[in-house]
Amino acid sequence: MRKILFGAALILCSAPLLAQGGPPGGGGGMGGPPGGEGGPPGGDRPSKPREMKPIKRAPLDKAVTAMFREADANGDDMVTIQELRAVIQARRDDIIRKRFAAIDKDRNGAISPDEFLAWQNQMGSVASTDAGARGDRDGPIAEVIRPHVGDDPEDGILEHLIQPIDVALIAQTNSNYDVGLSLDELLVHERARFDAADLDKDGELSPEEMRRLMPRGNRPGGGPPPMGGDGQPPR
(Lines give C-alpha, C1' and ligand atoms only; values in the text may rest on other atoms or scores of the structure.)
Protein backbone atom coordinates (compact mmCIF):
# COMPACT_ATOMS: atom_id res chain seq x y z
CA MET A 1 0.00 0.00 0.00
CA ARG A 2 2.80 2.46 0.91
CA LYS A 3 4.53 1.81 -2.44
CA ILE A 4 1.25 2.66 -4.22
CA LEU A 5 0.80 5.85 -2.19
CA PHE A 6 4.37 6.99 -2.81
CA GLY A 7 3.97 6.30 -6.53
CA ALA A 8 0.80 8.40 -6.56
CA ALA A 9 2.70 11.18 -4.83
CA LEU A 10 5.37 11.10 -7.53
CA ILE A 11 2.72 11.43 -10.24
CA LEU A 12 1.00 14.33 -8.50
CA CYS A 13 4.32 16.11 -7.87
CA SER A 14 5.14 15.80 -11.56
CA ALA A 15 1.73 16.84 -12.91
CA PRO A 16 2.17 20.64 -12.65
CA LEU A 17 5.56 20.45 -14.38
CA LEU A 18 4.31 18.26 -17.18
CA ALA A 19 1.34 20.56 -17.68
CA GLN A 20 3.70 23.41 -18.51
CA GLY A 21 4.61 21.65 -21.73
CA GLY A 22 1.07 21.86 -23.09
CA PRO A 23 0.01 24.19 -25.92
CA PRO A 24 -0.48 27.85 -24.99
CA GLY A 25 -3.97 29.18 -24.66
CA GLY A 26 -5.48 25.87 -23.59
CA GLY A 27 -6.25 24.77 -27.15
CA GLY A 28 -8.23 21.60 -27.59
CA GLY A 29 -5.84 19.72 -29.87
CA MET A 30 -4.47 20.05 -33.40
CA GLY A 31 -6.45 22.64 -35.31
CA GLY A 32 -8.98 22.95 -32.55
CA PRO A 33 -10.25 26.33 -31.43
CA PRO A 34 -8.76 27.96 -28.35
CA GLY A 35 -10.33 27.42 -24.99
CA GLY A 36 -10.68 23.66 -25.37
CA GLU A 37 -13.71 23.72 -27.66
CA GLY A 38 -12.27 20.86 -29.67
CA GLY A 39 -12.50 18.48 -26.73
CA PRO A 40 -14.61 15.38 -26.39
CA PRO A 41 -18.34 15.68 -27.16
CA GLY A 42 -20.46 16.86 -24.28
CA GLY A 43 -17.67 18.92 -22.74
CA ASP A 44 -16.30 16.02 -20.70
CA ARG A 45 -12.61 16.39 -19.93
CA PRO A 46 -10.22 14.33 -17.88
CA SER A 47 -10.07 15.67 -14.35
CA LYS A 48 -6.91 17.59 -13.53
CA PRO A 49 -4.71 15.83 -10.94
CA ARG A 50 -4.73 17.53 -7.56
CA GLU A 51 -1.55 19.52 -6.99
CA MET A 52 0.48 18.46 -3.99
CA LYS A 53 -0.01 20.49 -0.83
CA PRO A 54 3.09 21.81 0.98
CA ILE A 55 4.24 19.70 3.93
CA LYS A 56 4.91 21.59 7.16
CA ARG A 57 7.22 20.32 9.89
CA ALA A 58 4.43 19.83 12.46
CA PRO A 59 3.11 16.62 10.80
CA LEU A 60 6.67 15.27 10.79
CA ASP A 61 7.03 15.96 14.52
CA LYS A 62 3.69 14.25 15.17
CA ALA A 63 4.57 11.14 13.16
CA VAL A 64 8.07 10.91 14.67
CA THR A 65 6.70 11.25 18.21
CA ALA A 66 4.11 8.51 17.60
CA MET A 67 6.82 6.28 16.12
CA PHE A 68 8.97 6.83 19.23
CA ARG A 69 6.08 6.06 21.60
CA GLU A 70 5.46 2.80 19.76
CA ALA A 71 9.09 1.77 20.25
CA ASP A 72 9.18 2.94 23.88
CA ALA A 73 7.36 -0.09 25.24
CA ASN A 74 7.97 0.62 28.94
CA GLY A 75 7.16 4.33 28.70
CA ASP A 76 10.40 5.58 30.26
CA ASP A 77 11.10 8.09 27.42
CA MET A 78 14.09 6.08 26.26
CA VAL A 79 14.35 3.42 23.52
CA THR A 80 17.17 0.93 23.98
CA ILE A 81 18.36 -1.64 21.47
CA GLN A 82 17.03 -4.44 23.69
CA GLU A 83 13.65 -2.71 23.92
CA LEU A 84 13.44 -2.27 20.15
CA ARG A 85 14.21 -5.94 19.56
CA ALA A 86 11.57 -6.94 22.14
CA VAL A 87 8.91 -4.79 20.40
CA ILE A 88 9.72 -6.33 17.02
CA GLN A 89 9.68 -9.85 18.46
CA ALA A 90 6.30 -9.13 20.08
CA ARG A 91 4.97 -8.17 16.62
CA ARG A 92 6.20 -11.44 15.20
CA ASP A 93 4.70 -13.43 18.07
CA ASP A 94 1.33 -11.71 17.59
CA ILE A 95 1.27 -12.58 13.88
CA ILE A 96 2.27 -16.18 14.59
CA ARG A 97 -0.51 -16.54 17.19
CA LYS A 98 -3.09 -15.12 14.78
CA ARG A 99 -1.91 -17.51 12.08
CA PHE A 100 -2.15 -20.44 14.45
CA ALA A 101 -5.71 -19.44 15.38
CA ALA A 102 -6.63 -19.17 11.70
CA ILE A 103 -5.39 -22.71 11.04
CA ASP A 104 -6.83 -24.27 14.20
CA LYS A 105 -10.42 -24.35 12.95
CA ASP A 106 -11.78 -26.55 15.75
CA ARG A 107 -10.12 -24.36 18.42
CA ASN A 108 -8.63 -27.29 20.34
CA GLY A 109 -5.19 -25.73 20.65
CA ALA A 110 -3.61 -28.17 18.20
CA ILE A 111 -3.17 -28.23 14.44
CA SER A 112 -3.98 -31.46 12.71
CA PRO A 113 -2.43 -32.45 9.37
CA ASP A 114 -5.79 -31.87 7.65
CA GLU A 115 -6.11 -28.36 9.15
CA PHE A 116 -2.59 -27.47 8.06
CA LEU A 117 -3.14 -28.77 4.53
CA ALA A 118 -6.44 -26.91 4.23
CA TRP A 119 -4.81 -23.64 5.36
CA GLN A 120 -1.82 -24.05 3.05
CA ASN A 121 -4.00 -24.80 0.04
CA GLN A 122 -6.25 -21.84 0.86
CA MET A 123 -3.25 -19.54 0.47
CA GLY A 124 -3.20 -20.35 -3.25
CA SER A 125 0.51 -21.09 -3.48
CA VAL A 126 3.09 -23.13 -1.62
CA ALA A 127 6.62 -21.86 -0.97
CA SER A 128 9.32 -24.38 -1.84
CA THR A 129 11.32 -23.41 1.26
CA ASP A 130 10.60 -21.91 4.66
CA ALA A 131 12.57 -18.84 3.59
CA GLY A 132 9.94 -18.23 0.94
CA ALA A 133 7.21 -17.64 3.52
CA ARG A 134 5.98 -14.08 3.57
CA GLY A 135 5.02 -11.96 6.56
CA ASP A 136 2.51 -9.13 6.73
CA ARG A 137 3.02 -5.77 5.01
CA ASP A 138 5.06 -6.62 1.96
CA GLY A 139 7.15 -9.45 3.33
CA PRO A 140 8.98 -10.55 6.46
CA ILE A 141 8.57 -8.39 9.55
CA ALA A 142 11.30 -5.77 9.32
CA GLU A 143 13.76 -5.04 12.12
CA VAL A 144 12.49 -1.45 12.30
CA ILE A 145 9.67 0.67 13.70
CA ARG A 146 8.19 2.71 10.85
CA PRO A 147 6.13 5.91 11.05
CA HIS A 148 2.36 5.70 10.62
CA VAL A 149 0.99 8.48 8.45
CA GLY A 150 -2.23 9.08 6.52
CA ASP A 151 -3.30 7.99 3.06
CA ASP A 152 -2.84 11.24 1.14
CA PRO A 153 -0.07 11.44 -1.46
CA GLU A 154 1.77 13.96 0.73
CA ASP A 155 1.83 11.36 3.50
CA GLY A 156 3.76 9.00 1.24
CA ILE A 157 6.43 11.68 0.78
CA LEU A 158 6.52 12.30 4.52
CA GLU A 159 6.95 8.60 5.29
CA HIS A 160 9.73 8.43 2.71
CA LEU A 161 11.50 11.32 4.46
CA ILE A 162 11.30 9.95 8.03
CA GLN A 163 14.02 7.45 8.92
CA PRO A 164 12.56 4.43 10.77
CA ILE A 165 13.89 3.45 14.18
CA ASP A 166 16.35 0.59 13.99
CA VAL A 167 19.49 -0.51 15.82
CA ALA A 168 21.75 1.64 13.63
CA LEU A 169 19.64 4.76 14.21
CA ILE A 170 19.70 4.28 17.99
CA ALA A 171 23.49 4.06 17.95
CA GLN A 172 23.86 6.94 15.49
CA THR A 173 21.63 9.50 17.26
CA ASN A 174 22.57 8.70 20.87
CA SER A 175 24.47 11.97 21.24
CA ASN A 176 25.08 11.76 25.01
CA TYR A 177 26.16 8.11 24.95
CA ASP A 178 23.61 6.92 27.51
CA VAL A 179 21.68 3.67 27.39
CA GLY A 180 19.36 4.52 24.54
CA LEU A 181 17.58 6.98 22.24
CA SER A 182 15.48 9.85 23.64
CA LEU A 183 12.62 11.59 21.85
CA ASP A 184 14.59 14.84 21.75
CA GLU A 185 17.52 13.11 20.03
CA LEU A 186 15.20 11.50 17.51
CA LEU A 187 13.40 14.78 16.74
CA VAL A 188 16.72 16.58 16.20
CA HIS A 189 17.76 13.87 13.73
CA GLU A 190 14.48 13.76 11.79
CA ARG A 191 14.09 17.56 11.73
CA ALA A 192 17.57 17.85 10.24
CA ARG A 193 16.46 15.61 7.38
CA PHE A 194 13.37 17.80 6.87
CA ASP A 195 15.41 21.02 7.03
CA ALA A 196 17.90 19.64 4.49
CA ALA A 197 15.02 19.01 2.07
CA ASP A 198 13.57 22.50 2.74
CA LEU A 199 15.88 24.26 0.31
CA ASP A 200 14.33 27.74 0.57
CA LYS A 201 14.13 27.50 4.39
CA ASP A 202 10.52 28.63 4.57
CA GLY A 203 9.54 25.92 7.07
CA GLU A 204 7.66 23.69 4.62
CA LEU A 205 8.29 21.41 1.66
CA SER A 206 6.89 22.69 -1.62
CA PRO A 207 5.86 20.37 -4.48
CA GLU A 208 9.15 21.20 -6.20
CA GLU A 209 11.16 20.35 -3.09
CA MET A 210 9.22 17.11 -2.72
CA ARG A 211 9.94 16.30 -6.36
CA ARG A 212 13.67 16.67 -5.67
CA LEU A 213 13.41 13.91 -3.05
CA MET A 214 12.41 11.41 -5.72
CA PRO A 215 14.90 8.88 -7.09
CA ARG A 216 16.50 9.93 -10.39
CA GLY A 217 14.28 7.70 -12.55
CA ASN A 218 11.06 9.18 -11.11
CA ARG A 219 11.92 12.88 -11.40
CA PRO A 220 10.86 14.76 -14.55
CA GLY A 221 13.98 15.96 -16.32
CA GLY A 222 16.31 13.66 -14.40
CA GLY A 223 19.31 15.18 -12.69
CA PRO A 224 21.29 14.03 -9.68
CA PRO A 225 19.53 13.68 -6.32
CA PRO A 226 20.25 16.88 -4.36
CA MET A 227 20.19 15.04 -1.02
CA GLY A 228 23.10 12.69 -1.66
CA GLY A 229 23.77 9.67 -3.83
CA ASP A 230 20.84 7.69 -2.44
CA GLY A 231 18.31 10.49 -2.81
CA GLN A 232 18.11 10.95 0.98
CA PRO A 233 18.91 14.05 3.05
CA PRO A 234 22.38 14.01 4.62
CA ARG A 235 22.51 12.60 8.14
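1. Aromatics first: this predicted model has one aromatic pair. The partners are Phe116 and Trp119, with ring centres 5.8 Å apart and planes at 50°, a tilted arrangement. That label follows because planes under 30 degrees apart count as stacked and those over 60 as edge-to-face, with the rest called tilted.

2. Where does the pair sit? Phe116 and Trp119 both belong to helix H4 (residues 113-122), three residues apart, so about one helical turn separates them. As background, an α-helix has 3.6 residues a turn, so residues three or four places apart point the same way. Phe116 is not buried: its relative accessible area is 39%, which makes Phe116 partly exposed.

3. Helix H5 (residues 153-161) is a mostly covered one, with eight of nine residues buried.

4. Now the largest nonpolar core, which has 30 residues. Which members touch the most others? Those are Ile145, Ile165, Leu186 and Leu205. At least two core residues come from each of helix H2 (57-71), helix H3 (81-103), H5, helix H6 (167-173) and helix H7 (183-197). H2 is the top contributor, giving six.

5. Zooming in on Ile145: leaving out residues up to four places away in sequence, Ile145 touches Met67, Glu70, Ala71, Leu84, Val87, Ile88, Arg91, Pro164 and Ile165.

Definitions and conventions. Residues numbered from 1 in each chain as written. Predicted model: local features only at pLDDT ≥ 70, side-chain atom pairs only at ≥ 80, totals over all residues. Heavy atoms only, no water. Phe/Tyr/Trp six-rings, centres within 6.5 Å; stacked < 30°, edge-to-face > 60°. Helix = DSSP H or I, 4+ residues; strand = E, 2+ residues; numbered from the N terminus. Buried < 20%, exposed > 50% of the residue type's maximum accessible area, 1.4 Å probe, protein only. Core = buried A, V, L, I, M, F, W, Y, C linked by side-chain atoms within 4.5 Å. Contact = heavy atoms within 4.5 Å.
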